[in-house]
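Hi,

Here is the structure I promised to pass on, with my notes below it. Have a look at it first, then read on.

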Amino acid sequence: MQFAPDLQLPSLPEVTLRALEACQQDENYRTISQIVSADTALVTRILALANSALYGPTTRIRSVDQALLRLGTRRFHTLVLTAALRQLLFELGGDEWQQLRDFWRHSLTTALTARALATLTRYSEPDEAFMLGMLHNIGELIAIKTPAAETKQYYFDHQSDIAAELVTAWGLGPMAADAMRYQQALPNELRDAGHLVKLISLATRLALSDAAGIAAAATIFGLNEELTREINRRIAHEVSGMAASLGIPLDDEYSGESATQQLKQVILRQTIASQAIQLADLNGEMDSILAETVNSLTLVTGLPALCFGHVDDNLVLLSGTIGDIPHFSISAQPGGSVLTEAFTSGRSVSLGDRAPTVLDRQLLSLLHAPSLLAVPVVSGDKSSGVFALGTDKEDLTATTELASLFTRQLSIALGDRTPAVTPSKADHQFDEEIASAQMRKQVHEVSNPLTIIRQYIFRLRNRLEDSDVRQELDVIREELDRAGNLLLQMSRSDSALQDSEGIGPSTELNAELKSLSRILEDSLFADSKRKLDVLLCKQSTEVAASAPPIRQIVINLVRNAAESLPEDGGRVEIRTSAPVWQNNRTWVELEITDTGAGIPEQIRESLFAPVSTTKGEGHSGLGLSIVKQLIDDMEAIIACRTGQEGTTFRILLPAASHKKNETD
């Protein structure tokens with residue numbers, strides 16, 4: 001049984017379409033990673049390439065995120081486009097489409113379950129568990145594309161061995177291979193097996209959502225039935241959400257023919273745009289290149305076009321496909337026209353139904369067209385020129401997509417002309433700081449709407465009497481919490497890692513709280529009846545912990561505090577104190593206080609247990625459990641004081657020190 005490491009396997013066309021779309025629109029790394037992670041064939045391709053000899057004897061890749069970082073967006077775009085072309089060669093029948101859809105659902109369910117179990121049982125690499133969950137039944141995917149019945153059955157019967165062989169070929173290590181090899185072992189045989197082996201075996205069982213999986217969870221990890229069912233329910237909702245976002249029907253009969261036709265059109269447009277770029281001479285100065293490529297753009301779109309270059313803060317008409325080109329120069333500053341708006345915004349702008357400016361009318365006259373589309377050429381973070389195309393007023397979607405594909409390919413080609421310069425150490429550090437700042441900005445922008453949505457769900461829940469509907473809303477809120485936690489993990493930087501001298505990560509608590517308070521005020525405390533007070537001490541609050549878990553703790557506790565406030569309003573207070581001396585150690589104190597009704601007496605004794613909740617039956621209340629786990633991991637202390645006048649959580653975080661603290 002021999003397989004090439006770079007297998008050619010079928011994907012659901014909806015997933016490939018979404019991946020291509022994400023690359024075309026230059027979506028962020030996290031979005032692309034989530035799409036890739038949802039498909040076994042794409043995971044296989046990217047994993048094989050990232051661990052290939054192309055990158056030499058480097059550290060082995062053990063997650064999709066690591067693989068994407070190694071390959072880069074452009075190389076990944078090429079990989080997806082190649083996979084899409086090969087996808088068209090697979091001729092699947094009705095039953096095979098159904099099998100492919102069912103395989104996708106089962107593998108994704110297993111992967112998500114493996115990651116949830118890894119987090120719950122504190123496995124150090126939950127992303128590795130997720131990836132192996134996606135790969136555990138790869139033999140079934142190989143069987144789907146295999147025409148010979150006897151060979152097909154062989155692949156079905158030897159899935160565990162096939163997965164183990166491929167994982168070994170990709171250099172993922174013996175523990176990963178064992179997780180594949182022993183995934184079907186009986187639960188009572190796994191009690192003292194390796195952690196990763198137990199995770200994958202249990203995840204494959206829980207993905208079936210039957211009583212045997214519930215019993216296995218108790219045998220392997222000692223999980224109670226209520227918590228296990230809650231995990232199953234949350235994963236099922238997540239898979240349904242992913243399928244809905246991709247347009248994959250889970251309950252009806254499935255055929256990928258329609259999506260495959262769409263995929264053919266997308267591939268054709270990308271190929272046309274790429275070939276048209278190659279017809280132009282890309283040597284020489286920027287203005288010469290832009291002037292040269294306008295002919296190729298007209299060839300692609302079939303529309304008359306003008307090309308404007310950026311010269312001394314002006315837009316100068318360089319060339320066009322309209323006959324004689326007049327001398328035409330205008331200010332590059334925005335003045336209301338589609339041309340200057342496209343140039344300054346860096347995105348395509350159509351005239352549509354808006355009232356044309358004088359410049360718009362001039363361009364319409366030159367192009368002899370009833371409408372206008374402006375498409376910028378963006379190099380790096382600024383526009384170097386802009387194309388104006390004469391269009392009609394109907395169905396601009398295909399034209400806009402083709403023109404945008406063309407200019408994106410042109411931008412890439414222009415970027416490749418820049419000679420490579422070896423950056424200095426200072427340049428590298430500066431680039432890292434810029435990337436980190438950009439990441440924090442993106443996390444802030446995405447966290448805002450997530451938190452706002454969560455708050456509105458909470459308010460809607462309180463207006464409903466139907467307990468079943470309220471429980472469904474609770475599930476939605478928990479999923480939003482999980483999305484927020486993933487954002488926090490995204491924002492983790494390498495600065496949080498230990499340095500060569502063994503000094504652990506440190507965070508300035510006050511600085512983190514200032515940043516978080518803006519997000520919390522804009523969302524949880526937008527209502528004028530509710531108020532957030534942040535009282536920060538003037539002394540240093542540097543703590544021996546990385547920023548992501550601190551943010552996660554604060555967001556969870558402040559959310560709970562805000563939701564405990566009565567309808568007529570109230571106040572939540574965040575306070576820091578430092579230094580605090582206790583138990584022969586120096587701490588930084590964080591207090592979060594609310595003026596709510598307090599925590600009900602019946603759940604105070606088991607406040608941080610996973611099953612404690614006031615959110616209705618069937619919910620595990622994992623929020624405070626996660627907080628307690630994070631507190632324990634950073635060797636901090638948490639205490640709660642509650643009563644009719646409100647609740648206070650007091651947290652002692654270890655103060656950062658360059659000297660190892662020998663007392664505890």
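In which sense do strand 12 and strand 13 pair, and over how many bridges? Strand 13 covers residues 646-654, and its pairing with strand 12 is antiparallel, over seven bridges. One of the pairs to look for is G643 with its bridge partner G646. Before you go further, keep in mind that this is a predicted model.

Those two strands belong to an open sheet of five, in the order 8-10-11-13-12, and the pairing across the sheet is mixed. At the edges you will find strand 8 (530-535) and strand 12 (637-643); each has a single partner strand, so one side of each has no neighbour in the sheet. On average, neighbouring strands here are turned by 15 degrees against each other, if you ignore direction. Helix 23 (residues 547-564) packs on this sheet and touches strand 8, strand 10 (570-582), strand 11 (585-594) and strand 13. Its direction makes about 30 degrees with that of strand 11.

There is also an open sheet of six strands, with antiparallel pairing and the order 3-2-1-6-5-4. Strand 3 (329-331) and strand 4 (349-350) are its edge strands, each pairing on one side only. Strand 2 (residues 314-320) runs antiparallel to strand 3, and three bridges join them. L315 has I330, in strand 3, as its bridge partner.

Two helices to check against that sheet are helix 16 and helix 17. Helix 16 (residues 286-301) lies across strand 1 (305-311), strand 2, strand 5 (371-379) and strand 6 (382-391), and runs at about 160 degrees to strand 1. Helix 17 (residues 338-345) lies across strand 1, strand 2, strand 3, strand 4, strand 5 and strand 6, at about 145 degrees to strand 6.

Now for the helical parts. Helix 3 (residues 40-50) and helix 7 (residues 126-135) pack at about 115 degrees, and their axes are 9 Å apart. The crossing is left-handed. Helix 3 brings T40, V43, T44 and L47 to the contact, where they meet M131, M134 and L135 of helix 7. By type, the residues of this contact are five nonpolar, two polar and no charged.

Then take helix 13 (residues 211-221), where G213, I214, A216, A217, I220 and F221 are buried. Why do its buried residues line one face of the helix? Looking down the axis of helix 13, you see them fall within an arc of 160 degrees, so they share one face. A211 and A212 are exposed, on the face of helix 13 turned away from the buried side. Helix 12 (195-206) and helix 14 (225-246) are among the parts that cover the buried residues. Just after helix 13 comes G222, with a positive phi of about 70 degrees.

Apart from its neighbours within four places in sequence, T113 is in contact with A203, L206 and I235.

Over to you!

Methods. Residues numbered from 1 in each chain as written. Predicted model: local features only at pLDDT ≥ 70, side-chain atom pairs only at ≥ 80, totals over all residues. Heavy atoms only, no water. Axes fitted to C-alpha atoms, helices over the stretch in contact; angles between N-to-C directions. Helix = DSSP H or I, 4+ residues; strand = E, 2+ residues; numbered from the N terminus. Left-handed = near helix turned anticlockwise from the far one by under 90°. Contact = heavy atoms within 4.5 Å. Nonpolar A, V, L, I, M, F, W, Y, C, P; charged D, E, K, R; others polar. Pairing = 2+ DSSP bridges. Buried < 20%, exposed > 50% of the residue type's maximum accessible area, 1.4 Å probe, protein only. Arc of directions from axis to C-beta.
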